Amino acid sequence: MARVVADIISGFGFIDGGNEASLRSALNRYADLIDGWAKSVARRMLTDVAARDERAWMKASQEMGAEIGRIIRHTPVGEVMKSAMAEQVGLIKSLPVKAAERVHNLVIKGQETGARADEIAREIMRTGDVTKARANLIARTEVGRASSMLTMARAEAVGSVGYIWRTSRDSDVRPSHRKMEGRFVAWDEPPELDGMTGHAGALPNCRCYAEPVIPEADL
Ligand SMILES: [Zn+2]
């Protein structure tokens, strides 16, 4: 997809105020065109995440007893999956639109600052790479977000009010996330870290995970 974006841009040759609008509409048309593809990509990814989540819960629920295992397996996750799906399709389709915005801003910047045309042209041609990097970040973040949403749905179904934040405990863990290791977090109060709000594993490039706290007393 990032390659097609790059191809569309380079197909226009030299981009300036004159043809920038038609490039923008070409990229916006492409965003509409990829609807079906975006849905199938998102569906495949969510199926993977759901299977992994189910396996993790199966393993955990063996220690929790039959009743809790039954509830977890039968938690309706349809709504969670549907909203994760809509979010992902929206993000995927936003990529060509963002690329168009980037080109537009560069052209404006060129006009306003009088930056050299070849510098602007080079920056415009980098849009494909920028789009690819954005796509990778979205993929990584969305896997984490979907899996965190599923974990939360199943945990709440058995009366869990929160989880223990776990990090991957290596040197790549951000200081703000390292501080969260071992802390209790309520499902309805995702913390704010580095200016972003989200649960373990649901923040950009976050490899942390939630260890649900399951009440034992009445089950
Ligand atoms: Zn993290």
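Me: What do the angles between helices refer to in this predicted model, and how are the axes drawn?

Reply: Axes are lines fitted to C-alpha atoms, for helices over the stretch in contact, and angles run from 0 to 180 degrees between N-to-C directions. The model is predicted. Helix α2 (residues 20–33) packs on helix α5 (residues 78–113) at about 170 degrees, and their axes are 7 Å apart.

Me: Why is α2 called roughly antiparallel to α5?

Reply: Angles over 145 degrees count as roughly antiparallel. The angle here is about 170 degrees, so α2 is roughly antiparallel to α5.

Me: Which residues make the contact of α2 and α5?

Reply: Among them are Leu-23, Leu-27 and Ala-31 of α2, and Val-97, Ala-100 and Val-103 of α5. By class, the contact has 10 nonpolar, 2 polar and 3 charged residues.

Me: What puts the buried residues of α1 on the same side?

Reply: Val-5, Ile-8 and Ile-9 are buried in helix α1 (residues 2–11). They cover an arc of only 95 degrees around the axis, and therefore lie on the same side of α1. On the other side, Arg-3, Asp-7 and Gly-11 are exposed. The cover over the buried residues includes α2, α5, α6 (117–125) and α7 (127–157).

Me: How do you know which helix gives the most to the side of domain 1 that touches domain 2?

Reply: The domain assignment gives domain 1 (2–158) and domain 2 (160–219). In contact are 16 residues of domain 1 and 14 residues of domain 2. α4 (66–73) and α7 each supply at least two residues of the domain 1 side. α7 gives the most, with 11 residues.

How values were computed. Residues numbered from 1 in each chain as written. Predicted model: local features only at pLDDT ≥ 70, side-chain atom pairs only at ≥ 80, totals over all residues. Helix = DSSP H or I, 4+ residues; strand = E, 2+ residues; numbered from the N terminus. Parallel < 35°, antiparallel > 145°, perpendicular 65-115°, else oblique. Contact = placed C-beta atoms within 7 Å. Nonpolar A, V, L, I, M, F, W, Y, C, P; charged D, E, K, R; others polar. Buried ≥ 20, exposed ≤ 12 C-beta atoms within 10 Å, placed from the backbone. Arc of directions from axis to C-beta. Domains from an automatic or database assignment.
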